[in-house]
Amino acid sequence: MTSTRTAAECALLRGAPECTCTQDSPVLTEEQIVTRALSKLRFEQRADPAGKAAARRGLDAMLAQARREGPSTLVSELLRMGLMIRLLGADEADADDVEALLQEFIELAEIDADPRRLGEAATLRAHRTAVFGHAENALADAASAFAILTDITAPAPDEDPARWSRYLSRSLNGLVVVLLKLGSHELADEVSQRAVAVSEGTGSVMDRLVHQLNRVRLQLSWALRLERGGRDTAAATRFTAAAHTAHAAAGLWTTAMRSGRPATEECSVIGAAYALVRPDPRHLDMLVRLHPVAHFPEDRIALAIATARCLLEAGRPRDAAVALDPLQAELLHGKTSEGVLALALHREVARVDQIAHRGAPSETLQHYTSALESELWELREARHTALRSHAEQHRLAREHGAVAAQAMQDPLTGLPNRRALDVRLAEACTDIAGQPCAVALIDLDGFKDVNDERSHAAGDEVLRVIADCLRGTLRAQDLVARYGGDEFVVVMPSTPLPVAAAAMRRAAAAVASLPVDVAAGVTTSIGVVRAPLDGDPAVAMAAADAAMYRAKHAGGNAVVSGAAVPVAGR
């Protein structure tokens, strides 16, 4: 009989050759489907080629099934994981798939306008560029992602806090991976600490383990970079931090992986951290056992360097060189995009080769190496500064955009306000492509009675309801603005006057049919005119105002068309 635990898992994790999650999905919640997809993504990273292919097929099938239900948070999550499985593989053959999936993800993020999704979109763009393009071109997107994701401090009022923290911590974790590829260890450390803090208390054991393992990778990469720059004391501090974090991760490993085996037998990055903080021949048996389970390029590099250093301590420099050879071959054939660690590996190969041949580099070569490392350090510092600068610029632009949008919005109804209307109307009167352009002025019938007999709070609610009704009835291209008090204005580009009048009659009917307990029986008097090309917007407004008053004098709840010329008298 299948246990409760295994029944909740993807079949691949139970040893089956194919994923069956699409068959199980009708009885799963959205959160359970996401959890299964995550388990497939993690399984793929440790699987053999057949398992990797099965995991990808399973994820793609889940995405196809979710798409049939229409755009949703679930589709976005599955798109993100489909992208990650391809980006982590870093196979040029997947570049076109990545582009298509990324475009779909970005479109959904822009529709949702959810900051976390927009931050993820920027992260994924940066990751795509770092893997399939040039790292320098990923800086702007990485900085945007940093500015967006680190500004998110609390869930929305209607959002489940536990779910929010799980999803945000995963988004932050994705950004850590990108920042490490760009060699920005300082920013990666900030984001990593934030991810750990967000996941504490609400994240699963597996989520917390993933964050801790990424912190180990961060500290090791940082330490090796500091060594290259001749900052040995700072490097030693980072190696020590990596070992401490590895110890915390090892405490989570057994529970998360449920294998019953210690992390030092299954997790290469933990073993490498223990060995690099204090290289010793006694670590060699552990390191040799871990080589077959080192799945990521950065983990294989760290493990190879750790192995080589322990072999040097054992007085076996030629074996140390052999331990580094496979990774160096990968780098020489361009099979990894791990730039920071690649340089650390090349440095290690040169150091071991020198020791193995009992030679010493010439003084000229030493000067050249020192100058080159100094130049690389300055380039890295410049990249870090650029990332910081881009992030601050993005943050300021977002803040300015929010302030500007707020200044153009009516706070009661959420519609564009008089200022936004003036800008749009001026554009409409000069835009040949938008001709003919119609303008309608709407006044509410009986609204004064609502304020007098009920309350101004009741009147405010009626205004909000009618604003929503107008916005929902008219086309997306039509601007519906609050003009002031109980008056609204509609600007309708590329709309002949008879078509505009028909649209306004539909809007008037929609308002009139609102329930009395919602809209208090309020109706509309509407004047609609054609705005003259290259004319004064005030002329169109005056003509619409005159037409509206004719509708009002006719008894209200009516639409009257007029000419785009001012009509005297009210």
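This is a predicted model: local features need pLDDT of at least 70, side-chain atom pairs count only at pLDDT 80 or more; totals for chains, interfaces and linings use all residues.
1. Helix pair α5 and α7. Two packed helices are described by the angle between their axes and the distance between the axes. For helix α5 (residues 73-89) and helix α7 (residues 115-132), the angle is about 20° and the axes lie 11 Å apart. Angles under 35 degrees count as roughly parallel, and α5 and α7 are therefore roughly parallel to each other. Their crossing is left-handed.

2. Contact residues of α5 and α7. On the α5 side, the contact is made by Thr73, Ser76, Glu77, Arg80, Leu83, Met84, Leu87 and Leu88. On the α7 side, the residues are Arg116, Arg117, Glu120, Leu124, His127, Arg128, Val131 and Phe132. By class, the contact of α5 with α7 holds 7 nonpolar, 3 polar and 6 charged residues.

3. Helix pair α21 and α22. Helix α21 (residues 456-473) and helix α22 (residues 497-512) have axes that come within 9 Å and cross at roughly 140°. That angle makes α21 oblique to α22. The crossing of α21 past α22 is right-handed. In α21, Ile466, Cys469, Leu470 and Thr473 meet Arg506, Ala507, Ala510 and Val511 of α22. The residues of this contact comprise 6 nonpolar, 1 polar and 1 charged.

4. Burial of strand β1. How many residues of strand β1 (residues 437-445) are buried? The count is 9 of the 9 residues, so β1 is largely enclosed by the rest of the structure. In a regular strand the side chains alternate between the two faces of the sheet. In β1 both faces are covered. One side carries Cys437, Val439, Leu441, Asp443 and Asp445, and the other carries Ala438, Ala440, Ile442 and Leu444, all of them buried.

5. Pairing of strand β1. Strand β4 (residues 523-531) is joined to β1 by 9 bridges, and the two strands run antiparallel. Within that pairing, aspartate 445 has threonine 523 of β4 as its bridge partner. Strand β3 (residues 487-492) also pairs with β1 in the antiparallel sense, over 6 bridges. There, valine 439 is bridged to valine 491 of β3.

6. Backbone at serine 494 and alanine 520. Most residues other than glycine have a negative phi, and most peptide bonds are trans. Serine 494 has a phi near 55°, a positive value in a residue other than glycine. Alanine 520 likewise is not a glycine, and its phi is positive at about 60°. Where do these residues lie? Serine 494 is in the loop between β3 and α22, while alanine 520 is in the loop between α23 (516-519) and β4. Serine 494 counts as partly exposed, with 39% relative accessibility.

7. Threonine 202. This residue sits in the loop between α10 (185-199) and α11 (205-228). Leaving aside residues up to four places away in sequence, threonine 202 touches Ala162, Ser165 and Arg166. Threonine 202 and glutamate 9 are separated by 193 residues in sequence and by 20 Å in space, C-alpha to C-alpha.

Conventions:
Residues are numbered from 1 along each chain as its sequence is written. Side-chain values use heavy atoms; hydrogens and water are left out. Axes are lines fitted to C-alpha atoms, for helices over the stretch in contact, and angles run from 0 to 180 degrees between N-to-C directions. Helices (H or I, at least four residues) and strands (E, at least two) are DSSP runs, numbered from the N terminus. Angles under 35 degrees count as roughly parallel, over 145 as roughly antiparallel, 65 to 115 as roughly perpendicular and the rest as oblique. A crossing is left-handed if the near helix is turned anticlockwise from the far one by less than a right angle, and right-handed if clockwise. Contact means heavy atoms within 4.5 Å. Ala, Val, Leu, Ile, Met, Phe, Trp, Tyr, Cys and Pro count as nonpolar, Asp, Glu, Lys and Arg as charged, and the others, Gly among them, as polar. Buried means under 20% relative accessible area, exposed over 50%, partly exposed in between (1.4 Å probe, protein chains only). Two strands pair if DSSP finds at least two bridges between them.
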